[in-house]
Amino acid sequence: MTSDPNHAPPGRSESLASSARRRVAVVVNGRAKNVTADVISTLDRILEGSDLFVSRNLDDARDIAKTLVVRGYDTVLTGGGDGTFTVMVTEVVREVRKRGGAVPRFGLLKLGTGNALAWVVGARDIEGRELGADIRRLCEEAGSRSVRFVEAEGIISPFCGLGADAHVLSDYSSVKSRLGRTLLKGVSGGIPGYAIAAMTKTLPSLLLSKMTQCRVTNLGGEAVRMGARGSASRPVPAGDVLYDGPMRLCALSAIPYYGYGFRMFPYAEERPDRMQLRISTIAPPEFIRHLREIWRGEYDNPKVLFDYLVDKVQIELEPPAPFQIGGDSRGERARVVVELSPTPIELVDFYAPPRSVGG
């Protein structure tokens, strides 16, 4: 049986609390693509139930977060995509801010779609029979590093965006739902599904519609615009307008990647005290023509790309535009404030130096 955060067996939590094994919890999204009954059963056996949590909605996530903080887990592994990671980090940090204590390390079991963070930390695809080895590898071999993510509307996430990226997410959901009921179900998800959504819905819609007017004001420390080959402009002080004009995309990220290795934010790791803001006016035909360069983060055209390093901004839009946080659609917004989260997250990272023995 998987763990019920409100009904731990008497005496069980105390015995586990003193063991090294007790310091690791796994939280999986019961609705994620690769979280099958076999995966849950395998995890249940590996963790003996008490340290496995299955979340199927936001209420589950909030209850689980309370249990993780109260029990004081050292490491929390999330199984799902970037959305699962975003929800659990947000809810755990929210509990720590209320109760005090330490924020646990977070790591990834690559069980969802997209998985932008997996590209940053070297997480590999999970095979059901290798789950035990993968968990040991995450907890015993991998190092970690401190990361400050993006925070918007109280949600902590690797990235967020307004306009085209949120638009394609909405279109992808529509295409996936529609094709999922047909013989084309096999190509409705993942990269094929996103490609179908972008080519048949998002790009034609953007081509025929006027660009949204976007005004971005610097609310934090000095911001800089990044130019060709990473050169920086003169700093822009707090209170100044960074950008005022049309946009097809306005997005911010603390990591270089969107899902599937799309290096959307090549300057995101330039400074640990800043996130990258990218505003784009690129037309659909030019986007398609330069897709390979854009995907690799090598496209550089200051006439249609406006890149900044910032720590807090206000974005105002007319008319309102679709908004996404961590790959999950949030509806339309006319105004959003986004900041670099003040709460650092220790992220399990296979590219970081390995943990010391007993660390």
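Analyst: Helices (H or I, at least four residues) and strands (E, at least two) are DSSP runs, numbered from the N terminus. The model is predicted: local features need pLDDT of at least 70, side-chain atom pairs count only at pLDDT 80 or more, and totals for chains, interfaces and linings use all residues. Residues are numbered from 1 along each chain as its sequence is written, and side-chain values use heavy atoms, with hydrogens and water left out.

User: Is L108 buried or exposed?

Analyst: Buried means under 20% relative accessible area, exposed over 50%, partly exposed in between (1.4 Å probe, protein chains only). L108 has 12% relative accessibility, so L108 counts as buried.

User: What separates the C-alpha atoms of L108 and V26?

Analyst: Along the chain, L108 and V26 are 82 residues apart.

User: How many helices and strands does the chain have, and what share of its residues is buried?

Analyst: The secondary structure comes to 10 helices and 17 strands. The chain has 359 residues. Of these, the buried share is 52%.

User: What percentage of the contacts with a separation of 6 or more joins residues 24 or more positions apart?

Analyst: Contact means heavy atoms within 4.5 Å. Among contacts in the chain with a separation of 6 or more, the residues 24 or more positions apart account for 76%.

User: How many aromatic pairs are there?

Analyst: Rings of Phe, Tyr and Trp (its six-membered ring) pair if their centres lie within 6.5 Å; planes under 30 degrees apart count as stacked, over 60 as edge-to-face and the rest as tilted. The count by this rule is 8.

User: How are the rings of F53 and Y73 arranged?

Analyst: Their centres are 6.3 Å apart. The planes stand at 90 degrees. That pair is edge-to-face.

User: Which parts does the pair of F53 and Y73 tie together?

Analyst: The two residues are 20 apart in sequence. F53 is buried, at 0% relative accessibility, and Y73 is buried too, at 4%. F53 lies in strand β2 (residues 52-55) and Y73 in the loop between α3 (58-71) and β3 (75-80), so the pair ties together β2 and the loop between α3 and β3.

User: What is the angle between the planes of Y258 and F265?

Analyst: Y258 and F265 form an edge-to-face pair, 5.2 Å centre to centre. Y258 is buried at 10% relative accessible area, and F265 is buried at 0%. The angle between the planes is 75 degrees.

User: Which residues form one aromatic cluster?

Analyst: Y258 and F265 are both members. The cluster as a whole consists of F159, Y258, F262, F265 and W295.

User: How are α3 and α4 oriented?

Analyst: Axes are lines fitted to C-alpha atoms, for helices over the stretch in contact, and angles run from 0 to 180 degrees between N-to-C directions. Helix α4 spans residues 82-99, and α3 packs on α4 at about 50 degrees with the axes 9 Å apart. Angles under 35 degrees count as roughly parallel, over 145 as roughly antiparallel, 65 to 115 as roughly perpendicular and the rest as oblique. Therefore α3 and α4 are oblique.

User: Which residues of α3 and α4 make the contact?

Analyst: From α3 come L58, A61, R62, I64, A65, K66, L68, V69 and V70. The residues of α4 are V87, M88, E91, V92, R94, E95, V96 and R99.

User: What separates A102 from Y73 in space?

Analyst: A102 lies in the loop between α4 and β4. At 66% relative accessibility, A102 is exposed. A102 and Y73 are 29 residues apart in sequence, and their C-alpha distance is 9.4 Å.

User: Which residues does I282 contact, leaving aside neighbours within four places in sequence?

Analyst: I282 lies in the loop between β13 (275-280) and α9 (284-289). I282 is buried at 11% relative accessibility. Its C-alpha atom is 8.6 Å from that of K303, 21 residues away along the chain. The contacts of I282 are R248, F287, I294, Y299 and V304.

User: What is the phi of E153?

Analyst: E153 lies in the loop between β6 (150-152) and β7 (155-157). E153 is partly exposed, at 41% relative accessibility. E153 is not a glycine, yet its phi is positive, at about 55 degrees.

User: What is the omega of the cis peptide bond between E318 and P319?

Analyst: P319 lies in strand β15 (residues 312-325). The cis bond joins E318 to P319, and omega is about -5 degrees.
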